[in-house]
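Reader: I have a model open and want to learn to read it. Where do we begin?

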Amino acid sequence: MHDVSLYGHLTFDRLFVNNQKDASVGSMGNVWKHLNLINPNLEINLEPTAIGEALIMINTDKCERSSVANLNLKQRTPLVEPSRWNHILYLNELPDHSFIPEISGGKVSADLCRGQTLTNLEILKYVDFLFISDEDLFMEIPDLHKYVKGHIILHYKSGSICYTKDGEVLKTEVDLIENVNVLGCGDMFAAAFINAFLCRDDLRLSIRDAHDSVSHYLKGKQ
């Protein structure tokens, strides 16, 4: 059994950081990189279902980014294998959700990104943890929570709010970090949370660990 299986988007990112040209592997690549960085012992299974490209502009002075992307240039059918955790990127932009009901055993998490509004809300009944940024929220949390099997973790620059399946609200605040490249922070947050929850099995502590992990990484890039 794998520790973590990653499904969904894998992208080639063309970057302009403060007008300097660069390139990287994005989407699933961001999650894999941070998981591998914080816990090299994890057995990570990569099963991209959509492969695309993105053009991204980043202003580190203002901690801002903007992008245009073709996320679904090529599609493939994933091999679904048993894993302790299954993470899906990016649910609202995936053209095919048919593999998700095939996932059995382990936790299932999913991330949403800027772009299309998720229309297949019924697919959320398979999701134990839904990650979404405040910029990408497309409906009121109480309405969204009617569809999600488990918890919703709404994250933003200065922290996060977790809406649990039991109706509890867990708010976490963090210090803002200035003058950094914020690209992939949402993916890094999800990766750090997954690792922490696999190690701790504690929701509140895993959220705090995830924020601390991302903050530590960003401070090292200043």
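Author: We take the strand pairing, then the aromatic rings. Keep in mind that this is a predicted model.

Reader: Which strands does S1 pair with in the parallel sense?

Author: Strand S5, residues 83-89, is one of them; S1 itself covers residues 2-17, and the two share six bridges. Strand S3, residues 44-59, is another, and 14 bridges join S3 to S1 in the parallel sense.

Reader: Give me residues I can click on.

Author: Start at His2. Its opposite residue in S5 is Ser83. Then go to His9, which faces Ala50 in S3.

Reader: How do S1 and S2 run, parallel or antiparallel?

Author: Antiparallel. S2 spans residues 20-27, and eight bridges hold S1 and S2 together. For a landmark, find Asp13: its bridge partner in S2 is Ser24.

Reader: What should I look for in the hairpin of S1 and S2?

Author: Look between the strands, where the hairpin has two residues.

Reader: Now the rings. How is a pair of aromatic rings described?

Author: By two values: the distance of the centres and the angle of the planes.

Reader: How many aromatic pairs does the structure hold?

Author: Nine. Take Trp85 with Phe129. Their centres are 5.2 Å apart, with 25° between the planes. Planes under 30 degrees apart count as stacked, and this pair is stacked.

Reader: Which parts of the chain does that pair tie together?

Author: Trp85 sits in strand S5 and Phe129 in strand S7, residues 129-133, so the pair ties together parts 44 residues apart in sequence.

Reader: What does an edge-to-face pair look like here?

Author: Go to Phe131 and Phe193. The ring centres lie 5.6 Å apart and the planes meet at 75°, so this pair is edge-to-face. Phe131 belongs to strand S7 and Phe193 to helix H3, residues 185-200. The pair links distant parts of the chain, 62 residues apart.

Reader: How accessible are Phe131 and Phe193?

Author: Phe131 is buried, at 0% relative accessible area. Phe193 is at 0% and also counts as buried.

Reader: Which residues form one aromatic cluster?

Author: Select Trp85, Phe129, Phe131, Phe189, Phe193 and Phe197 together. These residues form one aromatic cluster.

Terms used
Residues are numbered from 1 along each chain as its sequence is written. This is a predicted model: local features need pLDDT of at least 70, side-chain atom pairs count only at pLDDT 80 or more; totals for chains, interfaces and linings use all residues. Side-chain values use heavy atoms; hydrogens and water are left out. Two strands pair if DSSP finds at least two bridges between them. Helices (H or I, at least four residues) and strands (E, at least two) are DSSP runs, numbered from the N terminus. Rings of Phe, Tyr and Trp (its six-membered ring) pair if their centres lie within 6.5 Å; planes under 30 degrees apart count as stacked, over 60 as edge-to-face and the rest as tilted. Buried means under 20% relative accessible area, exposed over 50%, partly exposed in between (1.4 Å probe, protein chains only).
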